[in-house]
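Here's a quick briefing to keep beside the model while you look around.

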Amino acid sequence: MSIGDEHWEGKPVNIGQQKQVPDVTAESFDRQVTHSPVPVLVNFQTPWSRRMEPLLGQLAEAFAGRLRVVQVNISADPEVAARFKIRAVPTMLIFNKGVPVEFIVGTVPSRFVFETVCKALSGTC
């Protein structure tokens, strides 16, 4: 089953409705993630491994206003990856009040990612 064929909360998840996911750099990380007033999902990736982008766009759309979704290019900003001991891509961390509260390592089913986000948002999905 492809991402575009899946459903979440009874609604189809359409790959064509994805939002653009902004990049965060070492210089902007604390401002955009650590000090964010809402939880933030950070996808650590490389330019040649961007397979999670469609899902990230879907998450940004589905949780707009309750979750910020960003990505870090670990090739361009290895110090951010080192700070959080990122050893594989893709790796997603969900931050709440500046602290990582959930970790997802590797390619996992989109349903698992959505459920993990809901858990991080205190089950308010």
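Which side chain meets Lys119 in a salt bridge? The partner is Glu102, at 3.6 Å from N to O. A salt bridge here is a side-chain nitrogen of Lys or Arg within 4 Å of a carboxyl oxygen of Asp or Glu.

Bear in mind that this is a predicted model, where local features need pLDDT of at least 70, side-chain atom pairs count only at pLDDT 80 or more, and totals for chains, interfaces and linings use all residues. Residues are numbered from 1 along each chain as its sequence is written, and side-chain values use heavy atoms, leaving out hydrogens and water.

**Salt bridges**

- The count comes to three salt bridges.
- Lys119 sits in helix α4 and Glu102 in strand β6, 17 residues apart, so the pair ties together distant parts of the chain; helices (H or I, at least four residues) and strands (E, at least two) are DSSP runs, numbered from the N terminus.
- Lys119 is exposed at 58% relative accessible area, while Glu102 is buried at 14% (buried is under 20%, exposed over 50%, partly exposed in between, with a 1.4 Å probe and protein chains only).
- Arg83 pairs with Asp30, with the closest N and O atoms 2.8 Å apart.
- That one also links distant parts of the chain: Arg83 is in helix α3 (residues 78-83) and Asp30 in helix α1 (residues 29-34), 53 residues apart.
- Arg83 is partly exposed at 43%, and Asp30 is partly exposed at 30%.
- Glu115 and Arg111 form a salt bridge with closest N and O atoms 3.8 Å apart; both lie in helix α4, four residues apart, or about one turn of the helix.

**The sheet**

- Four strands make an open sheet with mixed pairing, in the order β4-β3-β5-β6 (two strands pair if DSSP finds at least two bridges between them).
- The edges are β4 (68-73) and β6 (99-105), each pairing on one side only.
- β3 (residues 40-45) runs parallel to β4 over six bridges, and Leu41 has Val69 in β4 as its bridge partner.

**Helix packing**

- α2 (residues 53-62) packs against α4 (residues 110-120) at about 35°, with axes 11 Å apart (axes are lines fitted to C-alpha atoms, for helices over the stretch in contact, and angles run from 0 to 180 degrees between N-to-C directions).
- Residues making this contact (heavy atoms within 4.5 Å) include Leu55 and Leu59 of α2, and Val113 and Phe114 of α4.
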